[in-house]
Amino acid sequence: MRTVAIHAVPEEQLTHVTFDATMEERISELLTHYPTRRAALLPVLWLCQERYGWIAPGVIEAVAARLGESPAFVQGVVTFYTMFYTSPPARYVLQVCKTLSCAVCGGRELLEHLKARLGIDLGERTQDGTFQLIGVQCLGACGSAPVIQINDDYYENLTIEQLDALVDELSQGKEA
Amino acid sequence: MEPVLLRARGVPNSRHIDTYLAAGGYEGLKKALTMDPEAVTKEVLDSELRGRGGAGFPTGRKWTFVPKEHPGPKYLICNADESEPGTFKDREIIEYDPHLLIEGIAIASYAIRANTAYIYIRGEFVRWARILETAIAEARQRDILGASVMGSNYRLDVWVHRGAGAYICGEETSLIESLEGKRGFPRLKPPFPAVVGVFGKPTVVNNVETLACVPSILTRGAAWFASIGRPRNTGPKLYCVSGHVRRPGVYELPMGVTFREIIEEHCGGIRDGHTLKAFFPGGSSAPVMTPDQIDVKADFDACAEAGSMLGSGGVIVLDDSVDMVEAAANLAHFYAHESCGQCTPCREGSDWAMDILDRILEGHGRPEDPATLLRICQYASQGMTICPLGDAFALPISSIVKKFPYEFERHIAAATPRPPKKLPVLPWAGPRPGFDGQ
Ligand SMILES: Cc1cc2nc3c(=O)[nH]c(=O)nc-3n(C[C@H](O)[C@H](O)[C@H](O)COP(=O)(O)O)c2cc1C
Ligand code: SF4
Ligand code: FES
């Protein structure tokens, strides 16, 4: 599997966002799926997060303007959902499942190991901006606990050794 | 039982439409299109199929609630949020047999006369959203979806819509709000979605597994489906088993096998050197069951009679290494995190329960804690909240308190009073020594 690194566009470059032709085309296509413009909000936010790495305030304004909503409304939606990054994420976001099946099947140990190895706590990131560690709730893959999601990819039935190898690869800049 | 829902698991290239067609795929849809929509609904009604999303509501009945003479558009939503802890079956269907789901969606849409269907899939399932998009594109290309479904004059568009990380969006009215582009706040019912659903139009919300049952009901007939299991609890069922069994995973078994068969035969029993302590029969929101209940049938009615629920069929198995207070605290954290915050008993109750359970685990339990927990749970259930997440949090926690009182007593007997804790008070309030803030 190749986990693609996140390249978060710095906030200074996102103060005035204008969608380019590709983005515009994709947004127009998305709008055909729904009878209202508002319904395209989540898909458009996903598109933006793919493109810019996160949902900066400037992105919120651009999305609001494009869909005819107020920035406050869009921000309200963005903050309701846990998967939209409202600050620039690290290149690899390690999302460790903390819920019951994972917790009792090695998830707790994985989490402790990651904290020790990376020297960071939940919610923190490494200084070089390579890793960010977050605890998440059930990922819907409990039969293959413990489960970690890294960016868009699932890693299941992970042992500490496999996790170490993975972290090694990712930190060497290889896209594992 | 030969597999129906997991027929494609292990078949090479099973996701491709040609593989699906070669195995007799889309025959159910072809047949449905020659029938009246009402006749299709009747067939599903007769099969006694009940929803696999959690509530076990009869699927055919739900479809009949859609007002037939409604002039405007109607919608079908496939619930692929798969957010209930312990549940991982819908992903299996999508991974191996996306066209089975699409065929079910097409038949259901035809039965309720919807021309648009959405698959609402949890945001984390990026890979599976892509699989669905590819399959939909294949089906469009073959004119199985689109302006003229299999050469009929019926039009159907299917779109994949990704959520963005919220358990509550699995609840159907929250899902609808989310699909409309809003925060996922559940709506008060009635009106029910079948009458006023997404975009204010009649909408049926069905789970992935429910819809995946539909094609074979059409091809093999309602009587065949109803012959599996027992009356009111029919058909094949996907059981997701996680936790301390030797072989966790998704098992397709006839509805009504016992938990003993599931856990001991199919999953190889509890891992070495340990014994069964407790299991959740239907996801983490179901009241916990104990080893003496292992011979209960894993179907809707038997689980209800046993004081729990089949829910989504997510069997979470815990062995004797688990501290049940820790298990309760783990779940309390989940629900406190996922409560949308609209209703006080759910928002405050889940937080409060979490704090008490954490405090007990930190060694500062108090004799009155179990009773307080039960009271909190009581107020969060019993229809005091807008959506059933209140019950989803209250039932498992109160059941743990009731069934494992000695585990709480053990912690509490060894407890010391919590040292006065400095609250993160407002900066100008200064320290408040001696104040035991909770
Ligand atoms: C808190 C909560 C979470 C739910 N999560 C899901 C889910 O992830 N997937 C699902 O299909 N149904 C879920 N449901 C049930 C849905 O509200 C709805 O009943 C179901 O999708 C209907 O489909 P069915 O009739 O096919 O079972 C949830 C319900 C509640 C109260
Ligand atoms: S019960 Fe909980 S999740 Fe449901 S609407 Fe009320 S606060 Fe929200
Ligand atoms: S508990 Fe970790 S994936 Fe479900």
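## Basis of the model

The model is predicted, so local features need pLDDT of at least 70 and side-chain atom pairs count only at pLDDT 80 or more, while totals for chains, interfaces and linings use all residues. Residues are numbered from 1 along each chain as its sequence is written, chains are lettered from A and ligands numbered from 1 in the order in which they are written, and side-chain values use heavy atoms, with hydrogens and water left out.

## Chain A overall

Chain A contains 6 helices and 4 strands; helices (H or I, at least four residues) and strands (E, at least two) are DSSP runs, numbered from the N terminus. Their order along the sequence is α-α-α-α-β-α-β-β-β-α. Along the principal axes, the C-alpha atoms of chain A fill a box of roughly 50 × 30 × 30 Å.

Of its 176 residues, 55% count as buried. Buried means under 20% relative accessible area, exposed over 50%, and partly exposed in between, with a 1.4 Å probe and protein chains only. Among the contacts in chain A with a separation of 6 or more, 68% are between residues 24 or more positions apart; a contact means heavy atoms within 4.5 Å.

## Helix α2 of chain A

Helix α2 of chain A covers residues 41-52, and its 12 residues should span 16 Å at 1.5 Å a residue. The expected span is 1.5 Å times one less than the number of residues. The end C-alpha atoms are 16 Å apart, which agrees.

Because 10 of its 12 residues are buried, α2(A) is largely enclosed by the rest of the structure. The buried residues include Trp46(A), Cys48(A), Gln49(A) and Tyr52(A). They pack against α1 (21-31), α3 (57-67) and α4 (71-80) of chain A, and also against β3 and α8 (172-179) of chain B. Gly53(A) follows α2(A) and has a positive phi, near 90 degrees.

## Helix α7 of chain B

Helix α7 of chain B comprises 16 residues (126-141), which should span 22 Å at 1.5 Å a residue; the end C-alpha atoms are 23 Å apart, which agrees. Its buried residues include Val126(B), Trp128(B), Ile131(B), Leu132(B) and Glu138(B). The elements that cover the buried residues of α7(B) include β4 (153-155) of chain A, and from chain B α1 (17-22), α5 (90-96), α6 (98-111), β2 (116-121) and β3 (157-162). Just after α7(B), Asp143(B) takes a positive phi of about 60 degrees.

Glu95(B) belongs to helix α5 of chain B. Glu95(B) is buried, with a relative accessible area of 15%. Not counting residues up to four places away in sequence, Glu95(B) touches Arg15(B), Arg127(B), Trp128(B) and Ile131(B).

## Backbone and loop details

Two cis peptide bonds can be described. One runs from Ala145(A) to Pro146(A), with omega near -5 degrees; Pro146(A) sits in the loop between β2 (131-136) and β3 (148-150) of chain A. Another joins Lys189(B) and Pro190(B), with omega about -5 degrees, and Pro190(B) is in the loop between α8 and β4 (203-207) of chain B.

Asn13(B), a residue other than glycine, has a positive phi near 55 degrees. Asn13(B) lies in the segment before α1 of chain B and is exposed, with a relative accessible area of 56%. Glu48(B), also not a glycine, has a positive phi near 60 degrees. Glu48(B) is found in the loop between α3 (37-47) and α4 (59-64) of chain B and is partly exposed at 31% relative accessible area.

Ile228(B) lies in the loop between α10 (222-226) and β5 (229-230) of chain B. Ile228(B) is buried, with a relative accessible area of 11%. Leaving out residues up to four places away in sequence, Ile228(B) touches residues including Met1(B), Pro236(B), Pro254(B) and Met255(B).

## Around ligand 2

Ligand 2 is surrounded by 13 residues, each with a heavy atom within 4 Å of the ligand. The closest are Cys340(B), Gln342(B), Cys343(B), Cys346(B) and Cys387(B). By class, this shell has 8 nonpolar, 5 polar and no charged residues. Here Ala, Val, Leu, Ile, Met, Phe, Trp, Tyr, Cys and Pro count as nonpolar, Asp, Glu, Lys and Arg as charged, and the others, Gly among them, as polar.

The space taken by ligand 2 is the largest cavity. A cavity is a set of points, on a 1 Å grid over the protein atoms alone, where a 1.4 Å probe fits but cannot get out. A molecule sits in a cavity if more than half of its atoms lie within 2 Å of its grid points.

Key:
1 Å grid on protein atoms, 1.4 Å probe; cavity = no way out; pocket = protein on both sides within 12 Å on 5 of 7 lines; lining within 4 Å.
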